[in-house]
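Thanks for coming, everyone. Let me put the structure up, and then we'll walk through it together.

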Amino acid sequence: MLIKLSKPATLNTYVQPVALPTSCAPADTMCTVSGWGNTMSSSEYRTWVLCPGVTAVPSPVTPVSMPR
């Protein structure tokens, strides 16, 4: 998850930069994704950040394999 800060963060023991990936994960790699899902829902879960594990699939397969 990337966020834009209103001012630069102060780096310390608890706040450090993270290296971003330079390429996609290979197929069959277990990855973690995060997000709020449907924020327009009336459910209490709309305020929770969800972090499920998903398996990466090859790029040419993605448009055909993923439901719309």
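First, a definition: accessible areas come from the Shrake-Rupley method with a 1.4 Å probe, and for residues only the protein chains shown count as cover. On that basis, the accessible surface of this protein is about 6500 Å². Carbon and sulfur atoms hold 62% of that surface.

Now the ground rules. This is a predicted model, so to speak of local features we need pLDDT of at least 70, and side-chain atom pairs count only at pLDDT 80 or more, while totals for chains, interfaces and linings use all residues. Residues are numbered from 1 along each chain as its sequence is written, and side-chain values use heavy atoms, with hydrogens and water left out.

How confident is the model? pLDDT is the predictor's confidence in each residue, from 0 to 100. The mean here is 78, and 75% of the residues reach 70 or more. Among the elements, β1 has the highest mean, 86. Helix α1, residues 62-65, has the lowest, 52.

Next, the layout. Helices (H or I, at least four residues) and strands (E, at least two) are DSSP runs, numbered from the N terminus. The protein has 1 helix and 2 strands. From the N terminus on, the order is β-β-α.

What share of the residues is buried? Of the 68 residues, 1% count as buried. Buried means under 20% relative accessible area, exposed means over 50%, and partly exposed is in between, with a 1.4 Å probe and protein chains only.

Contacts next. A contact means heavy atoms within 4.5 Å. Take the contacts between residues at least 6 apart in sequence: 37% of them join residues at least 24 apart.

Let's look at two tryptophans. Trp-48 lies in the loop between β1 (30-32) and β2 (53-55). Trp-36 is found in the loop between β1 and β2 too. Trp-48 is partly exposed, at 41% relative accessible area. Trp-36 is partly exposed as well, at 37%. Leaving out residues up to four places away in sequence, Trp-48 touches Gly-35 and Trp-36.

On to the segment before β1. Tyr-14 is found there, and Tyr-14 is exposed, at 78%. With Leu-11 and Val-15, Tyr-14 makes a nonpolar surface patch of about 370 Å². Patches are made of residues with over 30% relative accessible area and no salt bridge; like charges are joined within 9 Å, nonpolar side chains (Val, Leu, Ile, Met, Phe, Trp, Tyr) within 5 Å. A salt bridge is a side-chain nitrogen of Lys or Arg within 4 Å of a carboxyl oxygen of Asp or Glu.

Asp-28 is also in the segment before β1. Its phi is near 70°, a positive value in a residue other than glycine. Most residues other than glycine have a negative phi. Asp-28 is exposed, at 68%.

Last topic, cysteines. How many disulfides does the structure hold? The count is 0, where a disulfide is a pair of cysteine sulfur atoms within 2.5 Å. For Cys-24, the nearest cysteine sulfur is that of Cys-31, 9.4 Å away. Cys-24 is exposed, at 70%. Cys-51 is exposed too, at 51%.
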